[in-house]
Amino acid sequence: MSKAQERTREAIELLRAWQGLEREAIGTTAEIMESTDNLLIRQIMEIIRNDSVQHHRVQQFLIDSITKTPVTMSPQDLAEVWGQIEAHDELERQTIALAEELKEETTEPMHTILLDYLLKDEKKHDSLLGALDKFKKHLSKLS
């Protein structure tokens with residue numbers, strides 16, 4: 001087995017192990033939610049559970065892109081939807097501004113916790129869209 005094949009096999013094994021941990025997290029958050037009536041704890045566990053479900057899906061996407069069909073993207077693929085992506089990115093920036101304003105104004109610790117979560121999540125979305133922009137620039141250099 002070549003070094004490249006070995007690295008690929010190891011990456012797939014690690015991704016599958018990670019998926020197992022995410023499945024465990026999904027189960028434990030559900031158990032915690034069933035064990036409490038506290039609305040804040042339930043909300044936080046639901047957020048984590050939903051994130052774990054999404055992480056599992058992304059990990060499977062990575063595994064499939066290695067073991068089944070490699071993922072490709074052409075400049076045309078991005079060009080077809082780039083205007084929509086830019087418009088959506090503007091929405092993300094507006095939500096970040098609102099979340100920052102609300103977080104500065106609140107004095108309630110529970111609100112601060114959840115606004116901080118929302119703010120980080122919106123910034124994560126903006127970062128993902130920024131990564132697409134960098135990828136678009138990379139693709140334009142190749143063509």
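A: Glu-6, Arg-9 and Glu-13 are joined in a network of salt bridges (a salt bridge being a side-chain nitrogen of Lys or Arg within 4 Å of a carboxyl oxygen of Asp or Glu). The model is a predicted one, in which local features need pLDDT of at least 70 and side-chain atom pairs count only at pLDDT 80 or more, while totals for chains, interfaces and linings use all residues. Residues are numbered from 1 along each chain as its sequence is written, and side-chain values use heavy atoms, with hydrogens and water left out.

Helices here are DSSP runs of H or I with at least four residues, strands are runs of E with at least two, and both are numbered from the N terminus. Arg-9 is partly exposed at 32% relative accessibility, and Glu-6 is also partly exposed, at 25%. Buried stands for under 20% relative accessible area, exposed for over 50%, and partly exposed for what falls in between, with a 1.4 Å probe and protein chains only.

The structure holds 10 salt bridges in total. One of them is the pair Arg-93 and Asp-126, with 3.6 Å between the closest N and O atoms. Arg-93 belongs to helix 3 and Asp-126 to helix 4, so this bridge ties together parts that are 33 residues apart in sequence. Arg-93 has a relative accessible area of 45% and is partly exposed.

Another bridge runs between Lys-137 and Asp-133, whose closest N and O atoms are 3.3 Å apart. Both residues lie in helix 4, 4 residues apart, or about one turn of the helix. Lys-137 is partly exposed at 48%, and Asp-133 is partly exposed at 23%. Contact means heavy atoms within 4.5 Å.

Phe-135 sits in helix 4 and is partly exposed, at 34% relative accessible area. Its C-alpha atom is 38 Å from that of Thr-106, a residue 29 places away along the chain.

Gln-19 is in helix 1 and is buried, with a relative accessible area of 4%. Beyond four places in sequence, Gln-19 touches His-56, Gln-59, Gln-60 and Ile-63. By contrast, Gln-19 and Met-110, 91 residues apart in sequence, are 30 Å apart C-alpha to C-alpha. His-55 lies in helix 2 and is partly exposed, at 37%. The C-alpha atoms of His-55 and Glu-22 are 7.2 Å apart, although 33 residues separate the two along the chain.

His-55 is also among the residues lining the largest pocket, the others being Asp-51, Gln-54, Val-58, Phe-61, Lys-124 and Leu-128. Helix 2 (39–67) and helix 4 are the elements that give two or more residues to this lining, and helix 2 gives the most, 5 residues. The pocket has a volume of about 240 Å³. On a 1 Å grid over the protein atoms alone, a pocket is an open set of points where a 1.4 Å probe fits, with protein on both sides within 12 Å along at least five of seven lines; lining residues have an atom within 4 Å of a point. Points are joined across faces, edges and corners, and the volume is the space filled by probe spheres set on them. By class, the lining has 3 nonpolar, 2 polar and 2 charged residues, where Ala, Val, Leu, Ile, Met, Phe, Trp, Tyr, Cys and Pro count as nonpolar, Asp, Glu, Lys and Arg as charged, and the others, Gly among them, as polar.
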